[in-house]
Amino acid sequence: MAAVAKPGRMNAFSTTHDWESADYEPTLPVTEKSNPLTRDIDRASASSIVKMLQACDAQMFQEKSQTEYQRLLSEEIVKTLMEVAERVRLILKDPQDSLVVLSGCGTSGRLAFFMASGFNRELQRLNYAPICSYVIAGGDRALFSSQEAPEDDPTLGALRLKKVSEGKKRVLFIGVSCGLSAPFVAGQLDFCLRHPDVYTPVLVGFNPAHQARNEPLPGCTLTFRSVVTRMEELAKTQKAFLINPALGPEAISGSSRMKGGSATKILLEVVFSASFSRTPVTFNGILQHMRSYKKALDFTYSHSEEIAVLTEAAGRSLQCGRQVCYLGWGSLGLLGLIDASECKPTFGADYEDIRGFVSGGYKELGNNEGDLTLMGPEFSISHDDFLDRVLPRLTDDDTVLLLYSDSDDVDEVAKLAHRVREKTPNIHAAYHQTDGGTAAQQDDINKLCSSTINFTWSQETPKRLQHMRELSTKLLLNAVSTGAHILKGKVFKNYMVDLQVTNSKLYRRAARLLQELSSHSESQSEEALLKAIYQVDKLSEDIMTCSLDTHTHTAGKAKKVVPLALVCLLTGCSIKEAETRLEHQPIVREAVEACLKSS
């Protein structure tokens with residue numbers, strides 16, 4: 001991946017690990033640092049965006065360097081995975097009184113659901129009792145819609161864990177918090193530590209322990225770091241486990257749905273696959289399995305030019321105010337739902353901008369709370385919902401992507417493709433097949449589509465092949481949705497400049513981002529953020545004394561909070577004037593650049 005470096009600047013695709021040096025953004029944890037590889041991603045073409053994302057994703061598998069950071073393939077991580085796999089095996093021997101609970105917030109919670117459902121299906125296939133359950137902050141609504149506020153409630157996290165594991169004598173709790181920061185998960189880990197006779201806690205995250213969030217959790221004196229410190233001590237006797245490799249900064253700063261989500265999927269699949277296997281759990285077996293995901297990543301990005309074509313099409317749709325629809329089957333369809341749901345909090349997008357639909361709808365999901373369709377249009381997720389509510393309104397400016405494999409009903413795919421093609425020529429397909437076999441209907445589908453990405457995999461064990469196809473699909477969708485929003489102008493440099501400020505983590509991130517981009521002080525930046533949240537030019541005493549919870553609740557109802565605050569900081573203008581500027585130039589990066597030039 002050669003690229004010409006700009007004079008005086010690091011080659012965009014350099015393999016140097018400068019994010020690992022002690023003086024690179026030293027006050028930030030790894031998951032919040034900006035990635036040197038993507039500094040100019042907001043000015044890149046679709047093709048260059050995909051190549052930058054490839055370079056960032058490849059950082060997951062870089063070998064351990066001379067720094068303090070453990071990496072995904074580090075010996076310590078592999079050994080911990082072996083130990084956790086053995087704990088799962090113990091539960092498989094006594095499923096009646098035992099349970100594995102996967103939990104998280106946002107992306108981590110969605111993956112907890114995705115993995116728990118998949119593992120239970122695999123167990124039933126192997127004639128084992130299902131042993132997995134999931135918890136997501138905000139309940140099942142959070143599977144498709146941003147429900148950020150519950151992330152800040154450690155007591156709620158503990159209560160949800162207690163409820164789901166009621167009556168069990170042995171519980172392996174796996175809490176995922178990419179930044180070691182979510183109070184909801186910290187409350188659950190603390191609950192486990194207070195009931196060691198029943199619970200064994202496992203923490204999955206991607207910062208070193210000393211970078212865990214160190215501010216008091218809402219409603220108590222605990223911090224996430226204090227919980228991690230207790231777990232580190234218990235880990236010495238295998239009464240708790242930490243799985244926290246550093247993956248390198250995200251391509252878009254703080255967007256842990258990307259590498260953080262991919263690595264979560266990899267780590268948990270490796271653990272469960274090893275525990276389900278009838279052969280002994282070995283170091284080399286775990287390491288080999290981990291390395292197979294690197295091959296899947298490389299194989300996916302060997303189609304980078306085709307991914308770029310799709311990204312560009314999606315970007316054009318968003319630029320002209322239209323939408324992108326993922327129509328998927330099976331687990332690939334579920335990944336489409338997950339990717340679409342993450343765009344609203346990440347990019348300040350409307351739920352209709354990128355939407356996912358899955359064949360079978362809620363029957364395919366099998367989620368705890370069942371059919372949520374009556375909760376609103378954003379919870380309509382079946383192909384029938386798409387045909388009834390979306391297809392009649394499609395135009396040539398909308399983009400539709402089909403997600404399926406040769407194990408799905410390709411006849412059904414072809415029929416749906418015909419229906420869509422009658423409304424728009426802007427239809428694309430991502431199709432996974434096994435080497436040596438092509439469905440007869442695929443030629444027909446190819447003719448209907450503007451582009452097709454055909455992932456042809458070599459023979460593998462069926463379950464492992466499915467895991468690789470899923471990772472491949474996740475990487476593809478992350479690239480398409482992220483790239484499309486970059487092309488729309490929702491990113492400044494490599495920062496999420498139009499994020500929703502709906503919990504304490506995002507509030508802190510927004511204030512820090514304003515300080516970084518404006519060069520103003522911390523207090524000035526937070527003051528500008530509050531003015532934008534409350535739509536005022538002067539902060540009252542009432543606002544200044546409000547709780548952080550009140551600030552984030554109010555921010556959840558507002559739009560373009562961070563861009564408004566940034567324009568005010570850069571120009572000294574009023575909130576009203578900033579709104580006018582952003583109305584005239586809705587592309588955030590252009591509005592901000594205009595302010596930078598005039599300031």
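Modeller: A salt bridge is a side-chain nitrogen of Lys or Arg within 4 Å of a carboxyl oxygen of Asp or Glu. The model discussed here is predicted, and it holds 27 salt bridges.

Colleague: Why is the contact between Arg230 and Asp190 called a salt bridge?

Modeller: The N to O distance between their side chains is 3.0 Å; the cut-off is 4 Å, so the pair qualifies. Arg230 belongs to helix α6 (residues 224-235) and Asp190 to helix α5 (residues 183-194), so the bridge ties together parts 40 residues apart in sequence.

Colleague: What makes Asp190 count as buried, and how is Arg230 classed?

Modeller: Asp190 has a relative accessibility of 9%, and buried means under 20%. Arg230, with a relative accessible area of 30%, is partly exposed, because that class lies between 20% and 50%.

Colleague: How do you know that Asp498 and Lys560 form a salt bridge?

Modeller: Their closest N and O atoms are 3.5 Å apart, and the criterion is within 4 Å. Asp498 counts as buried at 3% relative accessibility, whereas Lys560 counts as partly exposed at 26%.

Colleague: Why is the pair of Phe119 and Phe272 called stacked?

Modeller: The ring centres lie 3.9 Å apart and the planes meet at 15°. Phe119 is in helix α3 (residues 107-125) and Phe272 in helix α7 (residues 259-276), 153 residues apart. Both residues are buried, and together with Phe276 they form one aromatic cluster.

Conventions. Residues numbered from 1 in each chain as written. Predicted model: local features only at pLDDT ≥ 70, side-chain atom pairs only at ≥ 80, totals over all residues. Heavy atoms only, no water. Phe/Tyr/Trp six-rings, centres within 6.5 Å; stacked < 30°, edge-to-face > 60°. Helix = DSSP H or I, 4+ residues; strand = E, 2+ residues; numbered from the N terminus. Buried < 20%, exposed > 50% of the residue type's maximum accessible area, 1.4 Å probe, protein only.
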